[in-house]
Amino acid sequence: MIQKIKQYKFLFEELVKRDFKKKYKRTVLGVMWSILAPLLNVLVLMVVFVNFFGRTQDHFIIYIFSGTLVMSFFTEATQGCMRALMANASIFTKINVPKALFLMSKTLQAFINFLLTFIIFFVFCIFNDIDFGFHMLTLIYPVLTLLFFSFGVGMILSALFVFFRDVEYLYGIFLTILNYVSAIFYPTSILGKYEMIFHANPVYVYIDYIRTVVIDGVIPSFPLHSLCFIYAVVFLLVGCLIYKKCNHEFLYYV
Amino acid sequence: MAVIECNNVSIRYKTGDIKAIGLKEYVMRKIKGNYSVNEFWADKNINFSLEKGDMLGIVGTNGAGKSTLLKAVTGIMIPTEGEVKTEGKIAALLELASGFDPELTVRENTYLRGALLGYTKEFIVNKYDEIIAFAELEDFQEHMFKQLSSGMKSRLAFSIACLIEPDILILDEVLSVGDEGFKDVSARRIKSILAGGVTGILVSHSVEQVRELCNKVLWLDHGKQIAFGPTKIVCNAYSGFLYTSKAKRKLPSNEEELYEASDRFLHAWYIGEKEKREGKVNFDESVAVKYGRLLNIIDSMTPEEREVLKQEYKALKGGK
């Protein structure tokens with residue numbers, strides 16, 4: 001058992017190294033891009049909504065940033081996972097390896113970018129007079145549950161992608177829609193008394209958690225904690241079940 | 001205790017089901033009423049078992065189900081029916097250079113492949129120099145994999161799989177890699193690995209190679225197991241089958257016919273030797289053409305003539 005873990009740890013390390021090297025190959029700024037991209041994204045949204053739409057709201061930049069932060073991690077992780085299985089088809093059709101490792105590597109890569117962006121996010125918070133109390137420590141909770149949630153979604157997508165290549169295009173459209181319905185640059189109060197509907201969207205739940213902690217300065221309610229947990233567990237479970245069932249089916253379709 | 005055991009292994013491929021043709025095509029065919037799933041058996045009821053130190057050669061024409069069977073042995077595929085039991089660590093060389101990353105360096109690829117084959121970091125660190133030396137790639141360690149020649153790529157794959165001391169070594173059409181010098185070295189390497197108690201499976205189109213390296217041979221044809229037995233008998237019968245023109249080919253259906261088929265090839269060889277002694281050698285004739293002609297002679301003989309030939313051959317073998 002220990003031997004197995006040691007073995008897979010080494011394989012995992014090598015896969016992560018490979019994915020990193022390949023991603024930033026021949027880029028001048030390298031890993032800097034993972035910080036720059038979301039940063040530019042936030043600035044564009046800021047310019048558009050503050051200058052053109054005249055939106056003003058307390059900590060509006062933090063409001064937008066927390067949304068894009070979660071959304072860009074979710075996008076990168078799930079899209080990376082979706083393609084990871086197919087991209088490694090030449091390996092798993094020749095050598096018997098645990099296929100989820102390819103996905104974990106992609107998720108970790110996205111997660112490291114996420115954490116780097118988080119640091120920038122905190123820098124923004126400091127300039128925005130955000131209160132840094134102990135309540136900030138609870139941010140670990142949405143970050144971890146979001147990680148598992150995204151990985152679960154990634155597993156489901158990667159399996160579907162092997163069987164139906166259409167998934168890639170459909171998911172691209174889905175992400176665009178998700179970007180608009182996750183209340184990234186508008187308040188949820190636009191739905192009035194139906195505001196709660198937003199919580200049916202897992203991505204929004206994680207965004208909401210982060211905003212509650214950072215902007216409102218309080219620890220979120222128990223139901224929000226439960227939602228974070230439930231979404232993570234459900235999607236992870238479905239993903240694992242699909243992998244368990246289809247583990248030896250994939251190679252017929254790649 | 002068998003190291004590899006295949007019990008009634010059958011593997012089925014499906015074609016044309018919903019996952020293969022996509023949703024749109026599926027709906028279209030359903031409406032038109034011509035939706036059907038085709039299936040075919042890549043392997044059907046394969047049985048064999050190997051002991052420690054055995055080297056199995058798998059022979060058969062294209063599409064016989066050799067590679068599919070190897071995938072079942074390595075655990076990449078689960079047989080549709082039957083079971084495969086294996087003991088120990090497996091290093092498989094299926095379609096050599098695949099699975100390497102063209103954008104990474106030789107060094108990085110070596111580590112990655114080692115990890116994929118299931119070894120720990122310390123092990124690869126210790127073996128790294130030896131692997132590179134054997135592959136003769138000392139000067140190319142920091143080159144990208146895609147910059148290597150195809151011979152170098154195969155050499156690297158071969159070195160990694162062989163030097164990491166597997167319990168089971170699986171080689172699919174790999175011994176034909178590299179220049180003559182490397183071929184020689186690799187054949188010797190395989191022999192020394194086998195002498196060390198490794199169990200192996202070799203798939204090759206070269207019957208000569210199988211004769212040289214294997215002690216047991218499995219003959220497959222269109223997914224069916226034609227024969228499993230000692231190298232000489234099966235290889236003789238298979239060679240006889242190969243050199244016979246397609247229309248006249250006949251697969252042995254039981255052990256007796258297998259031995260007959262083996263004898264048929266040996267007798268053809270014997271006639272060839274006789275011709276040589278009589279100085280009737282045509283140097284322009286290729287091996288395939290020569291055996292085709294000789295086997296024709298055998299087939300056109302009357303039973304009495306065959307009997308005479310048989311006795312002559314026996315006397316020759318007995319005299320040796």
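The model is a predicted one, in which local features need pLDDT of at least 70, side-chain atom pairs count only at pLDDT 80 or more, and totals for chains, interfaces and linings use all residues. Residues are numbered from 1 along each chain as its sequence is written, while chains are lettered from A and ligands numbered from 1 in the order in which they are written.

**Exercise 1.** State which strands of chain B pair with strand β1 (residues 4–15), and in which sense.

*Solution.* 
- Strands (E, at least two residues) and helices (H or I, at least four) are DSSP runs, numbered from the N terminus. Two strands pair if DSSP finds at least two bridges between them.
- Nine bridges link β1(B) to strand β2 (residues 38–50) of chain B, in the antiparallel sense.
- Five bridges link β1(B) to strand β4 (residues 81–86) of chain B, also antiparallel. Here S10(B) has E81(B) as its bridge partner.

**Exercise 2.** Decide whether strand β3 (residues 55–59) of chain B is enclosed or open, and find its parallel partners.

*Solution.* 
- A residue is buried if 20 or more other C-beta atoms, placed from the backbone, lie within 10 Å of its own; exposed means 12 or fewer, and partly exposed lies in between.
- Five of the five residues of β3(B) are buried, so the strand is largely enclosed by the rest of the structure.
- One face holds M55(B), G57(B) and V59(B), the other L56(B) and I58(B), and both are covered.
- β3(B) runs parallel to strand β7 (residues 199–203) of chain B, with four bridges; G57(B) faces L202(B) there.

**Exercise 3.** Describe the side of chain B that touches chain A.

*Solution.* 
- Residues are in contact if their C-beta atoms, placed from the backbone, lie within 7 Å.
- Chain B gives 26 residues and chain A gives 22 residues.
- On chain B, α1 (18–21) and α4 (106–116) each supply at least two residues. α4(B) gives the most, with four residues.
- The chain B side has 14 nonpolar residues (Ala, Val, Leu, Ile, Met, Phe, Trp, Tyr, Cys, Pro), five charged (Asp, Glu, Lys, Arg) and seven polar (the others, Gly among them).

Terms used. Contact = placed C-beta atoms within 7 Å.
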